[in-house]
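The sequence and coordinates are shown below.

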Amino acid sequence: MSDMPRLQQLLGFLKEEPDDPFLLYAIATEYNGTDTQKALHYYERLLQEHPDYVGTYYHAAALYADIGEQEKAEAIYTKGIKTAGKAGDLKALQELQNAYTNFQMEWD
């Protein structure tokens, strides 16, 4: 469940720094589980405006999978794997590869 004061504080910070990818990620994470559409809005914004922000891919893909949008989830997982590899983020790469493998086993 989202901590509303924290969410309100993050939204306030975002007004001051509207292009901060960490704030967008934190807000999406706060909404994840309580308001799917708002979480997706912020994840999509990250994917569009900050495609190199590796942390987005895992959570955005999982959320799309949870709501039954498998094609979108698959596209995000595969792009995230490429992005993490290009960034040299081996931990994120491994997490994305594992999540994608589990996703494939579940949805194929």
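In this predicted model, Thr 83 is in contact with Pro 51, Asp 52, Val 54 and Tyr 57, when its neighbours within four places in sequence are left aside. Thr 83 is located in helix α5. With a relative accessibility of 8%, Thr 83 falls under the 20% cut-off and therefore counts as buried. A polar atom of the Thr 83 side chain lies 2.8 Å from the backbone oxygen of Lys 79.

Helix α5 also contains Ile 76. Its relative accessible area is 6%, so Ile 76 is buried. Not counting residues up to four places away in sequence, Ile 76 touches Leu 47, Tyr 57, Ala 60, Ala 61 and Tyr 64. Ile 76 and Ala 62 are 14 residues apart along the chain, and their C-alpha atoms are separated by 9.1 Å.

The packing of two helix pairs can be set out in terms of axes. Two packed helices are described by the angle between their axes and the distance between the axes.

| Helix pair | Residues | Axis angle | Axis distance |
|---|---|---|---|
| α3 and α4 | 36-49 and 55-66 | roughly 140° | within 10 Å |
| α5 and α6 | 70-87 and 90-107 | about 155° | 9 Å |

For α3 and α4, the axes cross at roughly 140°. That angle makes α3 oblique to α4, and the crossing of this pair is left-handed. On the α3 side, the contact involves Thr 36, Ala 39, Leu 40, Tyr 43, Glu 44, Leu 46 and Leu 47, which meet Thr 56, Tyr 57, His 59, Ala 60, Leu 63 and Tyr 64 of α4. Sorted by class, the residues in the contact of α3 with α4 are nine nonpolar, three polar and one charged.

For α5 and α6, the angle is about 155°. Angles over 145 degrees count as roughly antiparallel, and α5 and α6 are therefore roughly antiparallel to each other. The crossing of α5 and α6 is left-handed. From α5, the residues Gln 70, Ala 73, Glu 74, Tyr 77, Thr 78, Gly 80, Ile 81, Ala 84 and Gly 85 meet Ala 92, Leu 93, Leu 96, Gln 97, Ala 99, Tyr 100, Phe 103, Gln 104 and Trp 107 from α6. By class, the contact of α5 with α6 comprises eleven nonpolar, six polar and one charged residues.

Terms used
Residues numbered from 1 in each chain as written. Predicted model: local features only at pLDDT ≥ 70, side-chain atom pairs only at ≥ 80, totals over all residues. Heavy atoms only, no water. Axes fitted to C-alpha atoms, helices over the stretch in contact; angles between N-to-C directions. Helix = DSSP H or I, 4+ residues; strand = E, 2+ residues; numbered from the N terminus. Parallel < 35°, antiparallel > 145°, perpendicular 65-115°, else oblique. Left-handed = near helix turned anticlockwise from the far one by under 90°. Contact = heavy atoms within 4.5 Å. Nonpolar A, V, L, I, M, F, W, Y, C, P; charged D, E, K, R; others polar. Buried < 20%, exposed > 50% of the residue type's maximum accessible area, 1.4 Å probe, protein only. Polar contact = N/O pair within 3.5 Å; in protein donor to acceptor, adjacent residues only side chain to side chain.
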